[in-house]
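Hi,

Here is the structure I promised to pass on. My notes follow below it.

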Amino acid sequence: MAKFDLAIIGSGPGGYVAAIRAGQWGLKTVVIEKDGFLGGTCLHVGCIPTKVLLHNAEVYDHFKNAKEFGIEVKEFSVDWTAVLARKDKIVKKHSKGIELLFRKSKVETMQGWGRIAGPGRVSVEQQGKTTEIEATNILLATGSEARSLPGVEIDGKVVLTNREILSIGGIPKSLVVVGAGAVGVEFASIFHSFGTEVALLEMLPRIVPLEDEEISAELDKTFRKKGIQIHTEALVESVKKDAKGATVTFKDKAGQSQTIAAERVLVAVGRKPNTENLGLEKTKAKTERGYVHAGPYLETAEPRLYAIGDIVAGLPQLAHAASMEGITAVGKMAGRDVPAFDRNRVPNATYCDPQIASIGMGEKQARDAGLKIQVGRFPFAGNSKATILGSHGGFIKVVADEKYGEVLGVHIIGPLATEIIAEAVVAMQLEATLDDLMFMIHAHPTVWEAMGDAFASVRGLAINV
Ligand SMILES: Cc1cc2nc3c(=O)[nH]c(=O)nc-3n(C[C@H](O)[C@H](O)[C@H](O)COP(=O)(O)OP(=O)(O)OC[C@H]3O[C@@H](n4cnc5c(N)ncnc54)[C@H](O)[C@@H]3O)c2cc1C
């Protein structure tokens, strides 16, 4: 029986990053992946393909707004087949890239369904044939799949998840997006840019409900201004297919029944963990509604069994969180001195137009926790580079501790939000205070320098407003 120091089940951004670090730290590692390619949800039907389409949409928007930049474009149109081909090419390139990185770190792979067969044993099933291996450590990184709503059947043709919508044959004339979390608003943004009539339905009182309330309000305002229809506190009752597409029936805020007909419906109401049929019942690991409980080093209650990524209870379902969880777990296995995983230092990034990025506490969250805080805001309208880019809506909001000025949270909506959040991530990692950040020199002119003004705004000292 083949023996490994570490067997990883799943090759998404949790599993493949953990494998490479394990190889770098000298652990004999194997990755078991059921699909015939490496990279998981993130690379194949998540982060990467959506960001490709968002970039295409942005390029298309530039053409639509070309006149503002003094450029006359007489005729232009979208070649959807070419758009999809570029997306697929990028995905393939990076999937091959993981294979290369595995070879470099001497990580082995096995294709098949991985399952815990007993303490230190993993079975791999492929086309009816089962192979067993021994592993000192086992890391579960099996990720998640899209959820649906009770009574809503996903047929993959009209009623879609993130998986099918990424390869639909053409741009739909109309689309209802059910769920206004990160996935829902990104697709709403993509298809709106490409000319689709989009309606966004959200069960909670606001869109992007995990973000600070002012960020939700700003996105709501901007989306409506662009012409995206939004219904919050909307309870979807049924999705019925017909010859033209489907009709979505929902109860609105006032309790009235409403219907919207559309060519396609995207269901983006959250993700369910892939933990069935994994052999977890044979272990002491604790699970809750399918999620696995893990400690600060991602260890489960079963010795030498670790869990990372979208399957972990209480941690954000984000690729970069999964990757750092993997690095942390592998550090523990390899006996390295690595810090515990800190969920409060995970940035959120949503790539709709306008972009959103955040880290740490929102204003309400901090006040509800009884903290004494001070808050500052800086609008991108005061940032010259944002104006040059023709994208000067939105703002940066900073939540800081009142006494020492420690930065507790930063919330951005506007140009390059997902890039400039980097400064806030470093600030929180190093427990920086407003005084540290207000005197940091930012290059001019950059969108990034708006961060300096935002930190100064907490003390009423922003320059450009
Ligand atoms: C549309 C969309 C857009 C997203 N955009 C972003 C983004 O921009 N940024 C971001 O940070 N996050 C984004 N996410 C979330 C991100 O994709 C996930 O958080 C991330 O992929 C989780 O990584 P993971 O390694 O836990 O699992 P996954 O990426 O889901 O990988 C799990 C792997 O395990 C394999 N597997 C499952 N069960 C078994 C088994 N029993 N045996 C063998 N193999 C198995 C699967 O085939 C898969 O390859 C997005 C998600 C979606 C759906």
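The second largest pocket has a lining of 39 residues, and Asp61, Lys226, Asp353, Pro354 and Ser391 lie nearest its centre. A pocket here is an open set of points on a 1 Å grid over the protein atoms alone, where a 1.4 Å probe fits, with protein on both sides within 12 Å along at least five of seven lines; lining residues have an atom within 4 Å of a point.

This is a predicted model, with local features needing pLDDT of at least 70 and side-chain atom pairs pLDDT 80 or more, while totals for chains, interfaces and linings use all residues. Residues are numbered from 1 along each chain as its sequence is written, and side-chain values use heavy atoms, without hydrogens and water.

Helix H3 (47-64) gives that lining the most, ten residues. Helices are DSSP runs of H or I, at least four residues, and strands are runs of E, at least two, numbered from the N terminus.

Now the ligand. Around it are 38 residues, with Glu33, Thr41, Lys51, Asp310 and Ala319 among the nearest; "around" means a heavy atom within 4 Å. H2 supplies the largest share of this shell, four residues.

- Thr41: a polar side-chain atom is 2.6 Å from a ligand oxygen.
- Ala319: a polar backbone atom is 2.8 Å from a ligand oxygen.
- His320: a side-chain N or O atom is 3.2 Å from a ligand oxygen.

The protein covers 95% of the 1,000 Å² of accessible area that the ligand has on its own (Shrake-Rupley method, 1.4 Å probe).

Best wishes

Methods. Polar contact = N/O pair within 3.5 Å; in protein donor to acceptor, adjacent residues only side chain to side chain.
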